[in-house]
Amino acid sequence: MSILIQFKPDFLQAVPTSDGPYRHSFNFRSIWKKAILIALLVSLCPLIFITIIDYKFTQNSIQSENLLRTQQVGSNARRSISFFLSERLSALSFIVRDNSIEELKDPEKLKGILQNLMASFNGFVDLGLIDQNGVQLNYVGPYQLEGKDYSNQAWFQQVKDKNFSISEVFVGFRNVPHLILAAKYVMPDGSFFILRTAIDSARFDDFLGNLHLNGRGDAFLINKSGIIQTPTLYHGNLFEQFPFAVPTYSINTEIREEIDKAGNEVIICSAFIPESPYILIIVKQKDELMKPWRATRIKLIGFLVISISLILLVIFGIVTNMVNNMYLLDQRRLSSVHKMEYSNKLASIGRLSAGVAHEINNPLAIINEKAGLIKDILSYSETPGQNPRVIELIDSVLSSVERCGTITKRLLGFARHMDSTFETINLPNVIHDVLGFLHKEAEYRDIVITTDFADDIPEFKSDRGKLQQIFLNIINNAFSAMKTAGRLNIVIRHHSDDNTIVATITDNGCGISEGDMGKIFEPFFSTKTRQGGTGLGLSITYGLAMELGGKVNVTSKLGEGTSFFITLPINPPQQKTEK
Amino acid sequence: MRLLLVDDENEFVTTLAERLVIRGFEVDYATKAVDALDLAEKNRYDLVVLDMKMPGTSGLELKYMLEQIRPNMKYIFLTGHGSEEDYVAGSQQATHYLVKPVNISILISKINEAVDTHE
């Protein structure tokens, strides 16, 4: 806590005081708050605004890029699957047109054709010739399917209508998932026959598995009823229902966003494979796709946090420093103004004192001379000592006049030294002069003043007026700190080692608290504001001592008393103190 | 010893003159500068005790004029005023600069001292 207080700027440590002629004209705490607020608004608003725009822009860019890339993959895959199917279907159509039914009924011929197909294209499993009643007339392949009747199968109905057919994936007689490609040839008499081949659907699996989809991507085929046609990674088994809505027909590759059963956002790319019952589906987890965005977002937020921290640090630092400098300058300005006022006031008091003393001195001089003349007449008469009582009374008058004269001369002496001049000073005499003004107050308040002036105090060059002000201020301060029956001790010592004179003024007054010790020489610090204190006395005293090349130190204990140590150099730096 | 007292306070100057006469001095006095100059032209004085502030002519001006008439006279300023300027100027221009009220014995000692120093 004490470390924090150490760094707390001066203007925040300043204790607010009541209004008065010596108070600040500015509220620095408010100026500081406003300056920080404005600086923060001006610097942070554009930064946050730009960051939000950049955040949104980057997010949209990455999202659009992901959607576009998925769409491109979908389109490419659709073309590839479509090409795969149409290539094999075209080969089948060529064979059925190039060979007569008799040739195709020949097992060896059909076997040779299958071997050629298998050598040229992958995926062909077998080859069968089927008559217009759906009965398989000839078959070559790994299964025993001669004589099988396909008249009830959907693909057979389709090929009768369209001349070719691409079936959905099904298990069929062989109990293995496969699809059927069939091509029809119509003979001149109107009868027809069909060349049929089974394609291993595992070829699709390999192809779809090699798409290298990011974002936990899953590519597979469904039919138009939504039945899954090829194995999926995350979206169900073969022949199960696709867990999302079946896309409506579109010639283009479509993309849409949905929420899956687990509540995750997914991107679904769908493409209808032309002339086939298949729809290509690519499903990607949006969360996975946005991973690069999250990394960018963390960097962006990190940059924002660091920027804001730096801006806050710089703004707080600069504004606090500037306001503090303003506060210190204002303190200095106020101090100078009031010091000038104080000096003017002292000069006015000096002139007033001189005027009053002059006005009083003349009638005093007349009383002095008249009383003196009466005494002379009585003393120099031919019958001296006739009335000793009269002589005694006249002496009393003369003594009182002399006392008055001493007071007015002391006043004149003070007034005479208001201006700054260097002269030879006897410090005990200066202190005696000051005490001459205060001894009556000390008597009234029952304050005992003791002095202890060493015999070896040398005379030195200094400014009498400033010294009088220093000691008057400090002794007045001591008087204020003491109640009745106080004790004030003044000690003067010569320190030959550093050639200085140290005057120690000790009182047994209320003392100064530890918290106030560091502030007592600051301008406007006063514990007597309610009693009319300006808080300038000790500040001015300190300044005057500095001007004379000296210093003022203080020790104090609350409730026990205070000691002021005024150190004055025997050889002061004259260029600083002389006008 | 012949003295000339100059002060605008008539009560003061007459009484002081009388007291000095009692003590054996020959004393003339004036309350105006013109009277003082007149007396100085007619008589020769060893020392002049004069005020710093007088209506019309200041003590310093009067001293300058008296010096034109009698160059060898000594001067003591006896004044109720004690401003810095007066003190500096008066103490430089005269043998002594005294502030009222002053004890008669001190004044006499200063007079004697001034005259003796001069002689």
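Author: A:F239 counts as partly exposed, because it has 14 C-beta neighbours inside 10 Å; buried would take 20 or more, and exposed 12 or fewer. Bear in mind that this is a predicted model.

Reader: Where is A:F239 in the chain?

Author: A:F239 sits in the loop between β6 (218-223) and β7 (254-259) of chain A. Its phi is positive, near 70°, and the residue is not a glycine. Most residues other than glycine have a negative phi.

Reader: And what about A:E275, is it buried, exposed or partly exposed?

Author: A:E275 counts as partly exposed, since it has 14 C-beta neighbours inside 10 Å. Its phi is near 60°, a positive value in a residue other than glycine. The loop that holds A:E275 runs between β8 (265-272) and β9 (278-285) of chain A.

Reader: Which residues does the cis peptide bond join?

Author: B:K100 and B:P101, with omega about -10°. B:P101 is in the loop between β5 (96-99) and α5 (104-118) of chain B. Most peptide bonds are trans.

Reader: OK, staying with chain B. How many of its residues are in contact with chain A?

Author: 19 residues of chain B are in contact with 22 residues of chain A. On the chain B side, the elements giving two or more residues are α1 (10-22) and α4 (84-93). α1(B) gives the most, with seven residues. By type, that side of chain B divides into seven nonpolar, six polar and six charged residues.

Reader: Tell me about α1(B). Which of its residues are buried?

Author: B:F12, B:V13, B:T15, B:L16, B:A17, B:R19 and B:L20. The length of α1(B) agrees with expectation, because 13 residues at 1.5 Å a residue should span 18 Å and the end C-alpha atoms are 18 Å apart. After α1(B) comes B:G24, with a positive phi near 95°.

Reader: Switching to chain A. What does β4(A) pair with?

Author: Strand β3 (residues 164-166) of chain A is joined to β4(A) by three bridges, and the two run antiparallel. In that pairing A:F164 stands opposite A:A183. Strand β5 (residues 192-200) of chain A is also antiparallel to β4(A), with nine bridges between them. There, A:A182 has A:R196 of β5(A) as its bridge partner.

Reader: How many residues lie between β4(A) and β5(A) in the hairpin?

Author: Five, and A:G190 in the turn has a positive phi of about 95°.

Reader: Is β4(A) covered or open?

Author: Mostly covered: β4(A), residues 178-186, has seven of its nine residues buried.

Reader: Now the five-strand sheet. What is the strand order?

Author: The order is β11-β13-β14-β16-β15 in chain A, in an open sheet with mixed pairing. β11 (448-453) and β15 (551-557) of chain A are the edge strands, and each pairs on one side only. On average, neighbouring strands are turned by 15° against each other, direction ignored.

Reader: How does β11(A) run against β13?

Author: Parallel, with six bridges joining β11(A) to β13 (residues 487-495) of chain A. A:V448 stands opposite A:R487 in β13(A).

Reader: Which helices pack on that sheet?

Author: α12(A) lies across β13, β14 (500-507) and β16 (561-569) of chain A, at about 20° to β14(A). Helix α14 (residues 537-547) of chain A packs on the sheet as well, touching β15 and β16 of chain A. The direction of α14 makes about 140° with that of β15(A).

Reader: How does α11 cross α12 in chain A?

Author: The axes of α11 (residues 427-444) and α12 (residues 464-481) of chain A come within 9 Å and cross at roughly 35°. The crossing of α11(A) past α12(A) is right-handed.

Reader: Which residues make that contact?

Author: From α11(A), A:V430, A:I431, A:D433, A:V434, A:L438 and A:E441. From α12(A), A:R464, A:L467, A:Q468, A:F471, A:L472, A:I475 and A:F479. The contact of α11(A) with α12(A) divides into nine nonpolar, one polar and three charged residues.

Methods
Residues numbered from 1 in each chain as written. Chains lettered and ligands numbered in written order. Predicted model: local features only at pLDDT ≥ 70, side-chain atom pairs only at ≥ 80, totals over all residues. Contact = placed C-beta atoms within 7 Å. Helix = DSSP H or I, 4+ residues; strand = E, 2+ residues; numbered from the N terminus. Nonpolar A, V, L, I, M, F, W, Y, C, P; charged D, E, K, R; others polar. Axes fitted to C-alpha atoms, helices over the stretch in contact; angles between N-to-C directions. Left-handed = near helix turned anticlockwise from the far one by under 90°. Pairing = 2+ DSSP bridges. Expected span 1.5 Å × (residues − 1).
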